[in-house]
Amino acid sequence: MISIAVCDDELLDCVTISAQIRTIMEELGAAFCIEQFQSGGELLKSLGRFDIIFLDILMEGMDGMETARRCRSLAFDKVLVFFSSSRDYVFDAYDVEAFHYLVKPVDEGKLKHVLKRALERQRQTPRDYIVVSRERQTRKLFLDSVRYFEIWGRQIEVHEEHEVFTWYEQIGALERQLKGKGFFRCHKSYLINLGHVEVYNRKEAILDNGERILIARRRYEQFCQEMVEYMRKSGGIL
């Protein structure tokens, strides 16, 4: 079932576009549910259960663009569609990886086209992730964006492509979660994503962003075996 959120502080607009979406989804024969929100704050509290979000830009308080930024910072990687009475924010939408930008009043033909494409995207293979918790907040960590985990006792520091995030976890539990997912503990302090390794030698692995990660002497042979197996599975070795 596809779960859809519609967020607009104008109640009439929120109800209208929800009705349009409902009609189109029924025509397409897709199983779906729709929830309506009148503020970005309300939407963020329920973010994790949606596959597609339709978001108005011009809202009181937290506007749609800021809501979208917070969605992405919470690792929401699903379909995000803006709709607005103004065309002024079309280029800003690229900054938050918007799927589409619709102008009010929303044309049903264009809306149907967007929904068809969104459904096709949802059928694609989802990104792999693990779920972590910090300060009563739950967050998805998408593994393809993680370069490595650094271990400081019970504190885990994850180095993603654009930020560093810290939470508390036992390293053994994390290793079990990552088993078979392309990660290897090359040093007591590092769990490395093999997909981001460009060059390695007996002392260190050099990642695709130039960072250097230590390889423990006693783990080097197993690291080489894991790299070869990873490349074979990912098509790097025929």
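Predicted model: local features only at pLDDT ≥ 70, side-chain atom pairs only at ≥ 80, totals over all residues.
Figure 1. Glu157 itself is found in strand E9, which covers residues 155-160. Is this glutamate buried or exposed? Its relative accessibility is 19%, so Glu157 counts as buried, the cut-off for that class being under 20%. For a polar partner, look to His159: the two side chains make a polar contact at 3.1 Å.

**Figure 2. Helix H4, seen with the elements that cover it.** Which residues of H4 are buried? They are Leu111, Val114, Leu115, Ala118 and Leu119. These residues cover an arc of only 135° around the axis, and therefore sit on the same side of H4. Among the elements covering them are strand E1 (2-7), helix H1 (11-28), strand E3 (52-56), strand E4 (79-84) and strand E5 (100-103).

Figure 3. In soluble globular proteins, nonpolar side chains tend to be buried together. Here the largest nonpolar core holds 24 residues, and those with the most contacts inside it are Ile4, Val6, Ile21, Met25, Phe54, Leu102 and Leu111. At least two residues of this core come from each of E1, H1, strand E2 (32-37), E3, E4 and H4. What does Ile21 touch, residues up to four places away in sequence not being counted? Its partners are Ile4, Val6, Ile34, Phe54, Leu111 and Leu115. The model also has a second, separate core of 20 residues, which includes Cys7, Met65, Phe76 and Leu80.

**Figure 4. Lys104 and its salt-bridge partners.** Side chains of opposite charge can pair when their charged atoms come close. Two such pairs share Lys104. With Asp8, the side chain of Lys104 meets in a salt bridge at 2.8 Å, N to O. This pair links distant parts of the chain, since Asp8 lies in the loop between E1 and H1 and Lys104 in the loop between E5 and H4, 96 residues apart. Asp8 is buried, its relative accessible area being 0%. Lys104 also forms a salt bridge with Asp13, where the closest N and O atoms are 2.9 Å apart. Asp13 belongs to helix H1 and Lys104 to the loop between E5 and H4, so this pair ties together parts 91 residues apart in sequence. Asp13 counts as partly exposed, at 28% relative accessibility. Together with Asp56, the residues Asp8, Asp13 and Lys104 are linked in a network of salt bridges.

**Figure 5. A salt bridge between two loops, Lys181 with Asp128.** The count of salt bridges comes to 12, and one more is worth a look here. Lys181 forms a salt bridge with Asp128, the closest N and O atoms lying 3.1 Å apart. Where do the two residues lie? Lys181 is in the loop between helix H5 (171-178) and strand E11 (183-187), and Asp128 is in the loop between H4 and strand E6 (129-134), so the pair ties together parts that are 53 residues apart in sequence. Lys181 counts as partly exposed, at 32% relative accessibility, and Asp128 is partly exposed too, with a relative accessible area of 38%.

Conventions: Residues numbered from 1 in each chain as written. Heavy atoms only, no water. Buried < 20%, exposed > 50% of the residue type's maximum accessible area, 1.4 Å probe, protein only. Helix = DSSP H or I, 4+ residues; strand = E, 2+ residues; numbered from the N terminus. Arc of directions from axis to C-beta. Contact = heavy atoms within 4.5 Å. Core = buried A, V, L, I, M, F, W, Y, C linked by side-chain atoms within 4.5 Å. Polar contact = N/O pair within 3.5 Å; in protein donor to acceptor, adjacent residues only side chain to side chain. Salt bridge = Lys/Arg side-chain N within 4 Å of Asp/Glu carboxyl O.
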